[in-house]
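Please go through the assignments for this model one at a time, setting each value against the cut-off that decides it.

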Amino acid sequence: MKFRPCIDIHAGQVKQIVGGTLQDKPDTLVTNFEATQPSSFFANRYREDALVGGHAIMLGASPENKAAALEALRAYPGGLQVGGGITAENAAEYLEAGASHVIVTSYVFHDSKVDRDRLAKLEAAVGKGRLVLDLSCRRLAKDDGPPTYKVVTDRWQKWTDLEVNEACLKELAEHCDEFLVHGVDVEGLQSGIEEPLVKILAASPIPVTYAGGVRSLEDLERIRLLGSGHVDATIGSALDIFGGKLAYADVLEWHREQEEQSASKRQKLDSEKS
């Protein structure tokens, strides 16, 4: 398991917002943090700390957001994925600017379903190995048993019919390199993680990153246990670099401990094989 850093961009600034409040009406937006530093500041920090596989997300299509995203990608070539308004037609520009992968939701998931033609077009344009599908989802409560989760698009306001489950993960894994999944109902609230969702994500046959509600090292450990070590995690609003109380330095130390443990396990397996 790894910690994956993030750079969320809204109106050209690095921000942390409450995910469920991102709508067409600006007066509904709840912002937890607005950075005074440019996106490249955070990209450079992640590069210096050797954190790979993080993401820069453009929250809304605007020239300001695009410029900030490109600035981050150029500061850390190959170290960041990028998402927000990505299509088969514009993906190449972001890859050429330094993105390791492009992250896609609304282009592929629209009209309440998976658009197989667009998915094939995107896969052909960038290659499976550079494509991340964003399965960010919202909870549907049940009278009994665990909740189900349906993918949401268009700033997390439009529901699709696609349920995030083991079958969905295995089928879509044939077309992409990774998944990114925000638990939208807890995103930005620092109220704890979507435990049933993390359990579902543990079945993913490819790398998957969970985001939403992480507020402590204990939450990271909970994700590690529930995800059987296969689910990576992103932290936003809770980090002190984004105005929160959780020390980035402590998360970085935790991440490096996970890396050391993984390396030790690999060495042990290699020695047993030989």
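**Helix packing and residue exposure**

Q: What makes H7 roughly parallel to H8?
A: In this predicted model, the axes of H7 and H8 come within 11 Å and cross at roughly 30°. Angles under 35 degrees count as roughly parallel, and the crossing angle therefore makes H7 roughly parallel to H8. The crossing in which H7 passes H8 is right-handed.

Q: Which residues of H7 and H8 meet, and how do they divide by class?
A: From H7, Leu217, Leu220, Glu221 and Arg224 meet Asp250, Val251, Trp254 and Gln258 of H8. By class, the residues of this contact divide into four nonpolar, one polar and three charged.

Q: How do you know on which side of H7 its buried residues lie?
A: The buried residues of helix H7, which spans residues 217–226, are Asp219, Leu220, Ile223 and Leu226. Because they cover an arc of only 135° around the axis, they are placed on the same side of H7. In general, an α-helix has 3.6 residues a turn, so residues three or four places apart point the same way. The face of H7 turned away from this buried side carries the exposed residues Glu218 and Leu225.

Q: Against which elements do the buried residues of H7 pack, and which residue with positive phi follows the helix?
A: The packing partners of these buried residues are helix H6 (195–201), strand E15 (208–211), strand E16 (231–234) and helix H8 (248–273). After H7 comes Ser228, whose phi is positive, near 55°.

Q: Why is H1 called roughly parallel to H2?
A: Helix H1 (residues 39–48) and helix H2 (residues 63–75) have axes that come within 8 Å and cross at roughly 25°. Since angles under 35 degrees count as roughly parallel, this crossing makes H1 roughly parallel to H2. The crossing of H1 and H2 is right-handed. On the H1 side the contact is made by Ser39, Ser40, Ala43, Asn44 and Arg47, and on the H2 side by Ala68, Glu71, Ala72 and Ala75. Four nonpolar, three polar and two charged residues make up this contact of H1 with H2.

Q: Why is Thr148 called buried?
A: Thr148, which is found in strand E12 (residues 148–153), has a relative accessible area of 13%. Buried means under 20% relative accessible area, and Thr148 is therefore counted as buried. Leaving aside its neighbours within four places in sequence, Thr148 is in contact with Arg138, Arg139, Leu140, Lys142 and Glu163.

Q: What makes Arg116 count as partly exposed?
A: The place of Arg116 is in helix H4 (residues 116–126). Partly exposed is what lies between buried, under 20%, and exposed, over 50%, so Arg116, at 45% relative accessibility, counts as partly exposed. Not counting residues up to four places away in sequence, Arg116 touches Glu171 and Leu172.

Q: How do you know whether Asp111 is buried or exposed?
A: The relative accessible area of Asp111 is 57%. Exposed means over 50%, and Asp111 is therefore exposed. Asp111 is found in the loop between strand E8 (109–110) and strand E9 (113–114), and has a positive phi of about 55° although it is not a glycine.

Q: Where does Ala50 lie, and what is its phi?
A: Ala50 lies in the loop between H1 and strand E5 (54–58). The phi of Ala50 is near 55°, a positive value in a residue other than glycine.

How values were computed
Residues numbered from 1 in each chain as written. Predicted model: local features only at pLDDT ≥ 70, side-chain atom pairs only at ≥ 80, totals over all residues. Heavy atoms only, no water. Axes fitted to C-alpha atoms, helices over the stretch in contact; angles between N-to-C directions. Helix = DSSP H or I, 4+ residues; strand = E, 2+ residues; numbered from the N terminus. Parallel < 35°, antiparallel > 145°, perpendicular 65-115°, else oblique. Left-handed = near helix turned anticlockwise from the far one by under 90°. Contact = heavy atoms within 4.5 Å. Nonpolar A, V, L, I, M, F, W, Y, C, P; charged D, E, K, R; others polar. Buried < 20%, exposed > 50% of the residue type's maximum accessible area, 1.4 Å probe, protein only. Arc of directions from axis to C-beta.
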